[in-house]
Amino acid sequence: MAYTNSSLVSYTKLSPCNSGTRTHSIDRITPHCIVGQMSVESAGEWFSHESTQASCNYVIGADARVGLIVPESQRSWCSSSRENDQRSVTIECASEKTHPYAFKTGVYMKLIELCTDICKRNGKKKLIWLGDKAKTLSYQPASDEMILTVHRWFANKECPGDWLYARLGDLAVKVTAALQKDAKPAENPAKPETMSSTQAKEIHALASEKAKAAAMLELVHRCDSSGILNSVTTAQMILESGYCGTDLALNANNCFGMKCSLSNNAWPSVWDGKSSYTKITAEQDKAGNEYHIKAAFRKYPCVENSIKDHVAYLLGAMNGSKKRYAGLTDAKNYKEAIHIIKSGGYATDVKYESKICSIIERYGLDKYDGQTSGSGTAPAAETVTYTVQAGAFSEKKNAQAMLKKVKKLGIDCFIKQSDRFYLVQCGAFSVKENADKIMKKLQDARIDSFIKEI
């Protein structure tokens, strides 16, 4: 076949460390961590010396630019396996220098984009992560499938680092979704934006309130780059959705009590304008007396849309000719921010401010405050929540059978739908050792599993 290189490349420095033309067609991608926040120029210079005795096809620098080191038509020297390198496109990615070798968000997003481009140009419609060396190396991919492999399977190395290793399932899902989206004609370009498909019931199924709070904070951080403090939005979500467990959250993915009619809907909204869920709700008057009304609430396809609509409301809602929550993005701390929200008439609960502050302090939700979404500046050990995945199934009945099997071991688990697959996931842990224990218990029961971050 005629090989091409990615149009994402902005820098080229060809390495002499290669074996010439491939002897196998491309059906694998092997991402690596370069162990350092290197630029494409510094990485290119390193690989340009024959004495290095190593190379890669592409490198993604710390600023998320892409460099070409060895053309895709040629075998690089990257993964300590000539058999793997003959059929794989190898990608070195800038990372931290110490365990778990975390990537900046921009680098990870560029990796998703580059993998999508590689698959597309090589006629692949699906990227697969099996999470097991023996299964992967014995797997015969279909002509339209691409497989992920890792360096640690071929040498005594940590590469690509636990940070990326835990995200390879996510990488495969996102790349496959992008490939399928590009392959389908746009039927409804006006359809409201959906970032992904997290359902409230998935968060509510997590083992503890602490785990649910951690999962909510990560979701808010990924969704919102508006400048509103993540701690405030997350605490509001916890309070108003009961850790994603209220009737409204479970049935409508509405985690903020957003009614169908708010400020005359005078702000850009991801809500489709018609999907609703009607229920009885409790309100309070200025004296704190409770009363009940029947109200129609917004219904969303996923939690991400609920977060984005809530943020859009806080930024765009008007009170006459003025912004209802003016100054919110300039708030210096969460106490100031929640006071602006309460003063703007957001909630009728007279103790709303103290409740929000208490939740923030209970779970330390202010760790992202002062950062923009995806800034990647928080210490990796403080930002990670681990889950253990025990399979990905194309048929729900098979996922349900695995769920039943895992629960018999006394392990909390749930099914998460992602793209065309049903994922069986167990728990949410801030300490990786706890996830390791669950994975060992599953593997002792002869259940294949791996750890990923959520």
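How many salt bridges does the structure hold? The structure holds 15 of them, a salt bridge being a side-chain nitrogen of Lys or Arg within 4 Å of a carboxyl oxygen of Asp or Glu. Side chains of opposite charge can pair when their charged atoms come close. This is a predicted model, in which local features need pLDDT of at least 70 and side-chain atom pairs count only at pLDDT 80 or more, while totals for chains, interfaces and linings use all residues. Residues are numbered from 1 along each chain as its sequence is written, and side-chain values use heavy atoms, with hydrogens and water left out.

**View A. Glu72 and Arg121 meet in a salt bridge.** The N to O distance here is 2.4 Å. The pair links distant parts of the chain, 49 residues apart: Glu72 sits in the loop between strand E5 (66–68) and strand E6 (74–76), and Arg121 belongs to helix H3 (residues 105–121). Helices (H or I, at least four residues) and strands (E, at least two) are DSSP runs, numbered from the N terminus. Glu72 is buried, at 0% relative accessible area, whereas Arg121 is partly exposed, at 24%. Buried means under 20% relative accessible area, exposed over 50%, and partly exposed in between (1.4 Å probe, protein chains only).

**View B. Arg298 pairs with Asp309 in a salt bridge.** Their closest N and O atoms are 2.8 Å apart. Arg298 lies in strand E11 (residues 290–298) and Asp309 in helix H11 (residues 303–316), so this pair ties together parts 11 residues apart in sequence. Both Arg298 and Asp309 are buried.

View C. Asp444 counts as exposed, with 55% relative accessibility.

**View D. Two prolines follow cis peptide bonds.** Look for Pro100 in the loop between strand E7 (88–93) and H3. Another joins Cys159 and Pro160, with omega about 15°, and Pro160 is in the loop between strand E9 (145–148) and helix H5 (161–165).

**View E. Tyr243 and Arg446 have positive phi values.** Phi is near 55° for Tyr243, found in the loop between helix H9 (230–241) and helix H10 (247–252). Tyr243 is buried, at 10% relative accessible area. For Arg446, phi is near 65°; this residue is in the loop between H16 and strand E17 (450–453) and is exposed, at 76%.
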